[in-house]
Each structure stands twice: as structure tokens, then as C-alpha cells.
Amino acid sequence: MDQLMITRKQRSPVVEALLAEIARLDPASAYEKMLPAGCYTEPAFFAFEQAEVFSRSWICVGRVEQVAAPGDVLATEVAGEPVLVTCGEDGTIRALSAICQHRGEIIPCPEKGKRLRCPLHFWTYDFDGKLTSAPRMGDAEAMVQLRKTVRLRTLRLEDWHGFLFVNLDPDAAPLGPSLAKLEPLWAGYEATGLKALPPTMSDTPLPWNWKVQVENFTDAYHPEFVHIGTHDFAPSVMAGDGVRFTEMKPGDNAIVRSVPMKKPNGGMMRDGWGEDAAFPAIATLPPEQRSRITFAMLPPSLTLMFAPGTVAYTLIRPVGAEATLAGSDRVTYGGWLLPQSTLDLPDLSARCAAVSAGGSKIWAQDVPINRGMQAAKHSRFLPDGIYGPLETTLQQFNLWLLEAYKRAVAG
């Protein structure tokens, strides 16, 4: 709490002005217009998000498959903090601060089988975070005392359907209840024992704010105009059917919509969404889920697509006001949960390549749109925004942001 109070005192006038403008909004206002442009462009406001919003949010850092065996380590960041996710000798997955407790050097991800070692003075820790050695720090008795008292900070971690979430706030509410609306979707998938092919995270930041990234994902209005030819098979508007929005309740950390497919069992193929899906439909899914695609946004770090043949996901890591890292079949490669029957197909590599090709074509259509949306945030002529009936999820995201910002201000 002391650190949070210090952060508040150091807020810049730009941030204070934006927060004052946000404070005047209520849920009805959030449904009527966009949030202030500075929330998307100001470096100081991004610093506020890192320090006071992301640091209290559940951030998805990867999958259990990435730390499945003792000694496995995943290096990541949470709200700008270096983090190591480890699998201990007892098989327990933990999230540890990657800051050495000697002088504060960052501990890098070790090679498989090696312990966590600080590169500055070779202080070494086990996979539970306990200090095991500290060269030249005194006699045996001094070393015994160090081992008793020194360890890496353990962070809150939750495993949600194999996704690993970390929260820097020790007092944060549990993650699971805030994602309750997604629970009915999982049964048919998990009956097959899904396994992940994790994505590669981009190493070059995308030149837009993280909110532009997720708004594009959740927007049901743009596909028939931006994604001509690649999204026609899964339209937001179809005779007798169309997009369905899930109600947003206080405390929800998921924003959800679904769209129909023109025929059941479709999915991603080389040219986008289509009937001849590269990943075969999962037999244990109910008919409803074999006829629709469900899009779920879990701000600020994860998006999911529940399709008949896979659950595809994108990891998002905001790194600047106009810089966002992402990893998925749209941006890099991977990010699929698949049943063993699909993983065992002899032509799996070709099928994955087809999905990536289709995703790349959709992504190529999104990139100039995202660039334009970000650039427009700097315009003196930027409108307040007008939301239509296909943009309910954008309004719900505004509400999520409004609540998150006001919680941060309230402390």
C-alpha cells in the first residue's frame, strides 16, 4: 500500500487531468462514448496503468505445458516486473519475482536443469525461490543464516483451465469467480484432454495501444467491412441469427460475444474462416458450439476464440502507450489448444501452417485499421464516438476500464 501511495503522489498533471475526466463518467456515459484519447496516447497514463491497474490485475503469462516438468522455467513480465514461473522439484508451479535479493540484479531464465542464478555475483536459488548459495559471503554459519532468511518473492498465481495468471497484489480477489460466464464453454473441449501449442511472443512491439489491440478483437461491427473474403463464413449478421452478446456484470473479467457459422464444424483454413477447417471439429462439443465461434476478451492480457476444432488464444503484453507485444497465430505462430486426436494427425504441421496462413490474411487486414485508429487518437477532430447495436462488447470494455481506473484511484 505504501508503494501505491507513493505512486499516487507522483502522478503527473496529465494523468490527474485524465483521471478527473474519467471520474465524471458513469456507466451510462461509458456506454455512450469513447474514453479520453489520452488514455491511449500519453506515456504518463500508461505508466499509471502499469503501476496501479495492471499491478492489481490477473495477467496471463502462459500455459501449464510450458512448465510441466520439475526444473522448467518461464521468464515473463507482469506490469513491468520481471517474473519467473517455475516448476519445483515437488511439481508445484510457482510465480517468483526475478529480482535477486542481494543487490537487485534481474535473474534470467536458466537453461533446462540449471538453477536460478543471478549473473552479477552468482547468488543461486532453487525453484521454490530459496537461496542455495552465495559465494564469498562469509563462513558456513553466515551461509546458514542467509539460507534461512533470503528468498525470492513469491507472487499470487492461479491456474485457470491450464492458463497461468499472476497478480502482484497479494490482496486481489480470486480470478476464477470473475470468469464464471466462460465455464459452460469448457466441458466439451476438456472432455478430450486438450494440450497447448503455445504461441511465440512478438519481439517487435505493435505500434498501437493495448486497448486498440483488444477493441479490434472484440468488435463485431467491422468484420464484414474489413475482413471481406476472410470472415464471410462467420458473419455478425445473418438471416435469422447473428452476433450474441453476454451480459456484463460488476466484477466480470471476461467480455464475450459469439457469431454463427454458415455451416457447422467450420474453422480456420488457409484463406480465413471456412467450411473446410484445418483442425477437425471436436466430437464432444454440443451442436451449439459446433455451429458458432465464441470470442472472449480477458483484459488486459488474453483473448480466446472457441471454435469447433480448437481454442485459439493470443497473449498480450502492453509495453508502452503506443507499443504492444502479442503472440498468436495471427501475429507470430501457435496459440492453439488441441485434442490428442488432432495432435496425432500425420499432416499436423501442414494443418498448423494453413491456420497460420489464414490468420495472417486476417491480420494483414487488421494492421492498417489498428494503425489508423491509433493515429486518430492524436487528432484534434477525434469524435466522442457513436456506438451501434453491433458494438456492445466495446461498450462493455469501456465499463471494465472505467471500473478499473476508479478502483485504482480509490486505492
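Trainee: Which residues lie nearest the centre of the largest cavity?
Mentor: Asn216, Phe217, Met305, Arg330 and Asp366, out of 25 lining residues. A cavity here is a set of points on a 1 Å grid over the protein atoms alone where a 1.4 Å probe fits but cannot get out, and lining residues have an atom within 4 Å of a point. Keep in mind that this is a predicted model: local features need pLDDT of at least 70, side-chain atom pairs count only at pLDDT 80 or more, and totals for chains, interfaces and linings use all residues. Residues are numbered from 1 along each chain as its sequence is written, and side-chain values use heavy atoms, with hydrogens and water left out.

Trainee: What volume does the largest cavity have?
Mentor: About 310 Å³. Volume is the space filled by probe spheres set on the points, with grid points joined across faces, edges and corners.

Trainee: Which elements supply at least two residues of its lining?
Mentor: α8 (210-218), β18 (302-307), β19 (310-320) and α11 (348-376). Helices are DSSP runs of H or I, at least four residues, and strands are runs of E, at least two, numbered from the N terminus.

Trainee: How does the lining of the largest cavity divide by class?
Mentor: 12 nonpolar, nine polar and four charged. Ala, Val, Leu, Ile, Met, Phe, Trp, Tyr, Cys and Pro count as nonpolar, Asp, Glu, Lys and Arg as charged, and the others, Gly among them, as polar.

Trainee: Switching to helices. How do α2 and α5 cross?
Mentor: The axes of α2 and α5 (residues 43-53) come within 9 Å and cross at roughly 70°. Axes are lines fitted to C-alpha atoms over the stretch in contact, and angles run from 0 to 180 degrees between N-to-C directions. The pair is therefore roughly perpendicular, a label that covers 65 to 115 degrees.

Trainee: Which residues make the contact?
Mentor: Val15, Leu18, Leu19 and Ile22 of α2, with Ala44, Phe45 and Phe48 of α5. Contact means heavy atoms within 4.5 Å. By class, that is seven nonpolar, no polar and no charged residues.

Note on methods. 1 Å grid on protein atoms, 1.4 Å probe; cavity = no way out; pocket = protein on both sides within 12 Å on 5 of 7 lines; lining within 4 Å. Parallel < 35°, antiparallel > 145°, perpendicular 65-115°, else oblique.
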